[in-house]
Amino acid sequence: MTAIAAPTTEQFIALDDEWSTHNYHPLPVVLSHGEGAWVTDVEGRRYLDFLSGYSSLNFGHRHPELVAAAVGQLGRVTLTSRAFHHDQFGPFCRELAELTGTEMVLAMNSGAEAVESAIKVARKWAYRVKGVPENTAEIVVAGANFHGRTTTIVSFSTDETARADFGPFTPGFRVVPYGSLDALRAAVTDRTAAVLVEPVQGEAGVVVPPAGYLAGVRALCDERGALMIADEIQSGLGRTGDLLALDHEGVRADLYTLGKALGGGIVPVSAVVGSRAVLGVLRPGEHGSTFGGNPLACAVGRAVVRLLSTGEFQRRSRELGAHLHARLGELVGHGVAEVRGRGLWAGVEIAPGGPRGREASEALARLGVLCKETQETTLRVAPPLVITREELDRGVDAVGEVLTTRR
Ligand SMILES: *Cc1c(COP(=O)(O)O)cnc(C)c1O
């Protein structure tokens, strides 16, 4: 028998190109293994993961406690549907609510579903509690937002690529510039159900709003009787050095959307968490998901909550994040125009005349660091929170090499 050669990188990419829709443009690496902050491709090359699945892998690849929770649950029961109770669901909801200082949990799967769910809950709350006339409720959102890819969510995107050809769109949204309290004040009315905002805008390029903005959103929502919904799907669960990005401002939202890292990089797990006064409006049959809150998802989610409850990951993100920002800050004026962000999360704005974001990502991959551009000229750096200081330095050295040597 002749041995069949393992497919090469090019052959795997050709399969993707032929058999998958072309809704992504991945870097030309084909990964087959991951551990901690490292991934390995099919040719055996190792890379430092500087993206973490857009913050889905906050605990790194295959964190032993998360894998143990998943494997343990695989040996018991994985799906019951919500037609029946199961022994992971109540504990997951309680533990997640206690961790986040909230009172109720609506369990879903993907981030977009959590955002959709928060929109539905806010609308129902507006009609039943606030007294907004039927079918007139509005949700105010920020420009350059990213909340997911469903038809309703792209209805209020300001990114033409995300919207073009996908109309007609869902009405009931008002878009105001991110960071402007004056614009928000002008947009919030008696019919406003909620203001939906990312505490840090990830896709927009890791954009941190002006100091006082989030507290101002809270105050305005209180004044006008509107809900504040914080989309913490990317910013939450340790990424910025606190449990939630809003915690930096001492601000509490009425509803939070969580996702990405909540599934530990193993399974999709998302949730809306918040007060009983708001989430309590849902009645049986009004909303749901076959897979939402399934036993495997809950077991992994509980392990994620356990890891976060020690505060260790938040502390790592804070301390290593300070180091990351200090080191990246040294590149400003040397191929870097600006560095934004908080904790182990940075948007590195490439200076005019430097490589395009895509080129820079490809060059970094050749140096063994996987990162991805967002927008045309921003590198998004978001390593797993388990990364060591030495690994972090190695990645930052590569960023410096790619952005400075060609000038
Ligand atoms: C990723 C993301 C979403 C969407 O999550 P999916 O799981 O991809 O549907 C929503 N909001 C924010 C802020 C995100 O970063």
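The legends below describe close-up views of a predicted model.

Local features are reported where pLDDT is at least 70 and side-chain atom pairs only at pLDDT 80 or more, whereas totals for chains, interfaces and linings use all residues. Residues are numbered from 1 along each chain as its sequence is written, and side-chain values use heavy atoms, with hydrogens and water left out.

View B. A polar contact is a pair of N or O atoms within 3.5 Å. A backbone N or O atom of G111 lies 2.8 Å from a ligand oxygen atom, and for a backbone N or O atom of A112 the distance to an oxygen atom of the ligand is 2.8 Å. In the side chain of K260, an N or O atom is 2.7 Å from an oxygen atom of the ligand. The ligand taken alone exposes 380 Å², of which the protein buries 81%; accessible areas come from the Shrake-Rupley method with a 1.4 Å probe.

View C. Helices (H or I, at least four residues) and strands (E, at least two) are DSSP runs, numbered from the N terminus. Axes are lines fitted to C-alpha atoms over the stretch in contact, and angles run from 0 to 180 degrees between N-to-C directions. Helix α4 (residues 89-100) packs with helix α11 (residues 295-309) at about 30°, the axes being 9 Å apart. α4 is therefore roughly parallel to α11 (under 35 degrees; over 145 is roughly antiparallel, 65 to 115 roughly perpendicular and the rest oblique). Their crossing is left-handed, meaning that the near helix is turned anticlockwise from the far one by less than a right angle, with clockwise being right-handed. Helix α3 (residues 64-74) packs with α11 at about 155°, with axes 9 Å apart. α3 is thus roughly antiparallel to α11, and passes α11 in a right-handed crossing.

**View D. Packing of α13 with α14.** Helix α13 (residues 357-366) meets helix α14 (residues 389-404) at an angle of about 130°, with their axes 10 Å apart. The two helices α13 and α14 are therefore oblique to each other, and their crossing is right-handed.

**View E. The loop between α7 and β6.** P168 is placed in the loop between α7 (160-163) and β6 (173-176). The peptide bond from G167 to P168 is cis, with omega near 0°. D165 also lies in the loop between α7 and β6; although not a glycine, D165 has a positive phi of about 75°.

Key. Polar contact = N/O pair within 3.5 Å; in protein donor to acceptor, adjacent residues only side chain to side chain.
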